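Subject: Handover of a structure

Dear colleague,

I am writing to hand over a structure for your studies. Please open it beside this message and follow the description as you read.

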Amino acid sequence: MIFEDLQTTPTAPELLDTAFSRAARAGRSKHGVEAQQSMLQTASNVLSDNLEYVVRDWPDFETVDPFYYELADALVGVDDLRQHLSEVSWAGHKTHELGREYIRRLPKGDADAARKIRKQGFARMGSVLNEVAEDLEAISEARDTLKTLPDIDPDAPTIVVAGYPNVGKTAFVNAVTRAHNETAAYPFTTTGINVGHLERDHITYQVVDTPGLLDRPTEERNEIESQATSALSHVADLVLYFFDPSETCGYQLTAQESLRADIEATLDAPMLIVCSKADVSQEIEADFYMTIPSETETEVVGDTPDVVIEAAIETLDVEIELPFEE
Ligand SMILES: Nc1nc2c(ncn2[C@@H]2O[C@H](COP(=O)(O)OP(=O)(O)O)[C@@H](O)[C@H]2O)c(=O)[nH]1
Ligand SMILES: [Mg+2]
């Protein structure tokens, strides 16, 4: 995941503390004006290098996949984040320049005057860091939020599972992806996102179940959830919509139908209708009537999860790209 490896963002006081204590150590091994010069050089290097690292650690948002771009935008605001990064980049250049400027101003052969100049230089570097203290904090917060985003490969063919809670989505994802799934924490909902993987003909497919997003009507989503839902449209290649006509999920068929229409309008991907819990009821028009096999029951009513996933993969019709083909 592109934001996974972002390093901890230092605070302005931490950076100043590191820079000035390293400068003091550098100064101790020298004498007179030379000691002051060495201190200016060290402080300026530490500050400008570290500020530059903060900025360079981030991917170029121009090249970030639309799925992650939109999620990041929903969570932290990409324009704001870029503004903060550009301020920090400015501070990196500025602290570098200040080092050169104050080293140039050091008087030859006058250690006391040199110490005064060095102190002025440090004070200027301190103000630059104070100016970007809030930017560093905002970047740090953004980093902490984005680091935990679910690991979805935007390039892999993706089947999204949608439908009200308790209609059988998780049972299905677990049945078809077996051990190859993980639940990742979502920064914007209390429930985890469920991403399963399965392989057919050397292609890895993702099966994604997003509780809190695709299991509730549009009007119940807050702004962040709406944007996160719309981000999903960049990765969804096929939607499996789960209807539970037995209504044992606790939602009436009319509500389930209106959520289906909602999701159809949000996600620009073909949709297949799955009637879940076919062992209980099949009172609905659907592409599949599916029962999750229980451990005790050998006879399965209707389609197995495998039948549904194989048909979904067939519908996706992903071509293997061979390296020697155009
Ligand atoms: N009878 C029956 N119950 C099912 C079937 N699939 C799931 N369930 C039950 O429905 C409940 C909700 O399933 P779950 O997968 O957690 O639904 P989700 O909230 O949509 O992820 C659980 O108690 C499952 O055991 C099925 O095919 N038949
Ligand atoms: Mg679930």
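Predicted model: local features only at pLDDT ≥ 70, side-chain atom pairs only at ≥ 80, totals over all residues.

Overall form

The protein chain contains 10 helices and 7 strands. Its C-alpha trace spans about 95 × 50 × 40 Å along the principal axes. The radius of gyration of the protein chain is 28 Å, whereas a compact globule of 326 residues would have one near 20 Å. Of the 326 residues, 37% count as buried. Among the contacts in the protein chain with a separation of 6 or more, 70% are made by residues 24 or more positions apart.

Domains

The domain assignment divides the protein chain into domain 1, residues 12-146, and domain 2, residues 158-316. Taken over C-alpha atoms, the centres of domain 1 and domain 2 are 48 Å apart. Where the two are in contact, domain 1 contributes 8 residues and domain 2 contributes 9 residues. On the side of domain 1 that touches domain 2, helix α3 (residues 66-76) supplies the largest share, with 7 residues. Sorted by class, that side of domain 1 has 5 nonpolar, 1 polar and 2 charged residues.

Ligand 1

Ligand 1 is surrounded by 13 residues. The closest of them are Gly168, Lys169, Thr170, Ala171 and Lys277. By class, the shell around ligand 1 consists of 5 nonpolar, 5 polar and 3 charged residues.

Serine 281

I would also draw your attention to serine 281, which is found in the loop between β6 (271-275) and β7 (288-289). Why does serine 281 count as partly exposed? The reason is that serine 281 has 17 C-beta neighbours inside 10 Å, while a buried residue needs 20 or more and an exposed one has 12 or fewer. Apart from its neighbours within four places in sequence, serine 281 is in contact with Pro245 and Ser246. Threonine 248 is 33 residues away from serine 281 along the chain, and the C-alpha atoms of these two residues are separated by 9.8 Å.

Yours sincerely,

A colleague

Conventions: Residues numbered from 1 in each chain as written. Chains lettered and ligands numbered in written order. Near = placed C-beta within 6 Å. Nonpolar A, V, L, I, M, F, W, Y, C, P; charged D, E, K, R; others polar. Helix = DSSP H or I, 4+ residues; strand = E, 2+ residues; numbered from the N terminus. Contact = placed C-beta atoms within 7 Å. Domains from an automatic or database assignment. Rg over C-alpha atoms; globule rule 2.2 N^0.38 Å.
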